[in-house]
Amino acid sequence: ALSLQPVVENAIVHGLSLKSGPGNLRIAVRSKRGRLICWVVDDGIGMTEEQIRSALHGSGEPHGLTILRNRLERIFDGTSKLAIRSKPGVGTAVMVSVPLNNGTEQTCAQS
């Protein structure tokens with residue numbers, strides 16, 4: 001049920017494609033303290049605090065991250081976390097954290 005597709009798509013479309021020159025996108029997924037933690041980090045154009053609030057809590061027509069936040073809350077009964085850290089001109093990091101069933105700690109994937 002968890003999909004990083006809208007996070008990766010936003011990083012490419014709204015961050016990296018608007019940047020002049022090459023850009024980087026990193027995806028890291030690991031388990032820690034009974035949670036699955038997924039990071040999508042880009043060095044695109046970044047976001048202002050207002051853009052972050054809009055991305056997380058959207059006003060008007062729902063979009064990718066707002067829909068994802070709502071889906072995570074529904075699936076994980078409010079125990080999921082979606083956070084964005086960003087700085088204009090530097091890039092954006094989006095973190096998704098959901099509870100694991102087995103609670104084991106191990107690196108699941110990183111690229």
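## Basis of the model

The model is predicted, so local features are considered at a pLDDT of at least 70 and side-chain atom pairs at pLDDT 80 or more, while totals for chains, interfaces and linings use all residues. Residues are numbered from 1 along each chain as its sequence is written, and side-chain values use heavy atoms, with hydrogens and water left out.

## Overall architecture

The protein contains 3 helices and 5 strands, where helices (H or I, at least four residues) and strands (E, at least two) are DSSP runs numbered from the N terminus. Read from the N terminus, these elements follow the order α-β-β-α-α-β-β-β.

Of the 111 residues in the protein, 37% are buried; buried means under 20% relative accessible area, exposed means over 50%, and partly exposed lies in between, with a 1.4 Å probe and protein chains only. The accessible surface comes to about 6,800 Å², and carbon and sulfur atoms account for 52% of it; such areas come from the Shrake-Rupley method with a 1.4 Å probe, and for residues only the protein chains shown count as cover. Among contacts (heavy atoms within 4.5 Å) between residues at least 6 apart in sequence, 63% join residues at least 24 apart.

## The nonpolar core

In soluble globular proteins, nonpolar side chains tend to be buried together. A nonpolar core is taken here as a set of buried Ala, Val, Leu, Ile, Met, Phe, Trp, Tyr and Cys residues joined through side-chain atoms within 4.5 Å. The largest such core has 20 residues, and those with the most contacts inside it are V7, C38, L65, L68, I84 and V96. At least two residues of this core are supplied by each of α1 (5–16), β2 (35–42), α2 (49–57), α3, β3 (81–87) and β4 (91–99).

V7 illustrates how separate parts of the chain meet, for with its neighbours within four places in sequence left aside, V7 is in contact with V40, L65, L68 and V94.

## Helix α3 and R69

Helix α3 has 12 residues and reaches 16 Å from its first C-alpha to its last, close to the 16 Å expected at 1.5 Å a residue, the expected span being 1.5 Å times one less than the number of residues. Its buried residues are L65, T66, L68, R69 and L72. They cover an arc of only 160° around the axis, which puts them on the same side of α3; the arc is that of the directions from the helix axis to the C-beta atoms. The cover over the buried residues of α3 includes α1, α2, β3 and β4.

R69 lies in helix α3, which spans residues 64–75, and this arginine is buried, with a relative accessible area of 16%. The side chain of R69 makes a polar contact with the side chain of N70 at 3.5 Å; a polar contact is a pair of N or O atoms within 3.5 Å, and within protein one must be able to donate a hydrogen and the other to accept it, with residues adjacent in sequence counting only if both atoms are side-chain atoms. Not counting residues up to four places away in sequence, R69 touches L56, H57 and L82.

## Helix α1, L16 and L25

The end C-alpha atoms of α1 are 15 Å apart, which agrees with the 16 Å that its 12 residues should span at 1.5 Å a residue. The buried residues of α1 are P6, V7, V8, N10, A11, G15 and L16, and what covers them includes β1, β2, α3 and β4.

L25, found in strand β1, is partly exposed at a relative accessible area of 33%. Beyond its neighbours within four places in sequence, L25 is in contact with V8, A11, I12, L16, V40, V41 and D42.

## Two loop residues with positive phi

R33 sits in the loop between β1 (25–32) and β2, where its phi is near 50°, a positive value in a residue other than glycine; at 67% relative accessibility, R33 counts as exposed. D77 is placed in the loop between α3 and β3 and has a positive phi of about 50° although it is not a glycine. D77 is exposed, with a relative accessible area of 69%.
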